[in-house]
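The stops below are given in the order in which to select them.

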Amino acid sequence: MRVWIIFLLCLSGKALAAPMEDDAIVVEEEPVVEEELPVEEEPVMEEEVVIEQGDEVGVNPVQVETGEEEAFDEAIDAEEVITENPCLNHHCKKGKVCEVDDTNAPICVCQDPTTCPAAVGEFEHVCGTDNKTYDSSCHFFATKCALEGTKKGHKLHLDYIGPCKYIAPCEENELKEFPLRMRDWLKNVLVTLYERDEDNNLLTEKQKLRVKKIYENEKRLQAGEHSLDLLALDFEKNYNMYIFPVHWQFGQLDQHPVDGYLTHTELAPLRAPLIPMEHCTTNFFEMCDADSDKYIALEEWAQCFGLKEQDVDKDMVI
Ligand SMILES: [Ca+2]
Ligand SMILES: [Ca+2]
């Protein structure tokens, strides 16, 4: 089982700075929110929300993968014994497990939630859009699978990581503040990745070149606790420093497929850990989808973060 490290960063209050390792929480599954549309039975490779380490496009700011070598060894073993067990190379989406039918063919069936590993701690709990706390994402997706084809199942999505809790309504003025902090955070995440990069391939060479310019700019607002007024002023004065971070985050999320649009699922790795800490998250991403077609296009994303139309550049999504 792969292990994901999710950096949970509080955009509000004091913890606005760059990601700290102390804040990391280890979970076994990445949060994947199912698509709105019902999907066909899928013997295909499941969508991975996370970027592979060493991948062309770098690493998602919220997730870093480990244990690559193990995965490689497992892959070799799986190939050798494929003739014995058809399920070994048959990938089922979350909530399903592989079984062999009468003709010895692998099929995906709903997982029994009771077979899910018990949650180690509260941090593994997830909250569904039914406002019900599930022990883990495994329990959630197994339950959702059992409801497949029903109205209830269609409506049920993973809302956020952690047990369900009261989330205060997002006021209009708070919604306006959100992109200010988020922009600054994205910039700080990138600078931190750049500082820690060395040989870790956290960023690609192209990305490093872009971030280097930001990092070395003496006018850069250092990471820390800043008033909203200062953040707004900095955005005005150092506007150019924010253009790449906004594009970069879009590229990190737009992976399945890489098509210039973010689906609910693609947004999940950023959205699900944020919601419990930032009560305007849901409203913000809803607002980003300006034409309400359920996809956030690069233009919509950039506008959401206050970039000017002429600065939206798909070639900057690297
Ligand atoms: Ca996409
Ligand atoms: Ca849209």
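Predicted model: local features only at pLDDT ≥ 70, side-chain atom pairs only at ≥ 80, totals over all residues.

Start with helix α9, residues 281–288, and colour T281, F284 and F285, its buried residues. Buried here means 20 or more other C-beta atoms within 10 Å of the residue's own, exposed means 12 or fewer, and partly exposed lies in between, with C-beta atoms placed from the backbone. Helices (H or I, at least four residues) and strands (E, at least two) are DSSP runs, numbered from the N terminus. Look down the axis of α9: the buried residues fall within an arc of 90°, so they line one face of the helix. That arc is taken from the directions from the helix axis to the C-beta atoms.

Residues are numbered from 1 along each chain as its sequence is written, and chains are lettered from A and ligands numbered from 1 in the order in which they are written.

Keep α4 and select α5, residues 205–216. The two axes come within 10 Å and cross at roughly 105°; the axes are lines fitted to C-alpha atoms, for helices over the stretch in contact, and angles run from 0 to 180 degrees between N-to-C directions. This makes α4 roughly perpendicular to α5, a term used for 65 to 115 degrees (under 35 is roughly parallel, over 145 roughly antiparallel, the rest oblique). To see the contact, show K187, L190, V191, Y194 and D197 of α4 with K208, V211, K212, I214 and Y215 of α5. Residues are in contact if their C-beta atoms, placed from the backbone, lie within 7 Å.

Next, go to β4 (96–100) and β5 (106–110). These strands pair in the antiparallel sense over five bridges, where pairing requires that DSSP finds at least two bridges between the strands. V100 stands opposite P106 in β5. The two strands form a hairpin with five residues between them, and N104 in the turn has a positive phi of about 65°. N104 is exposed, with 8 other C-beta atoms within 10 Å.

Finish with two loops. Between α9 and β10 (296–297) select S292, whose phi is near 50°; S292 is exposed, with 7 other C-beta atoms within 10 Å. Between α7 (240–253) and β9 (261–262) select P257: the peptide bond from H256 to P257 is cis, with omega near 0°.

Terms used. Contact = placed C-beta atoms within 7 Å.
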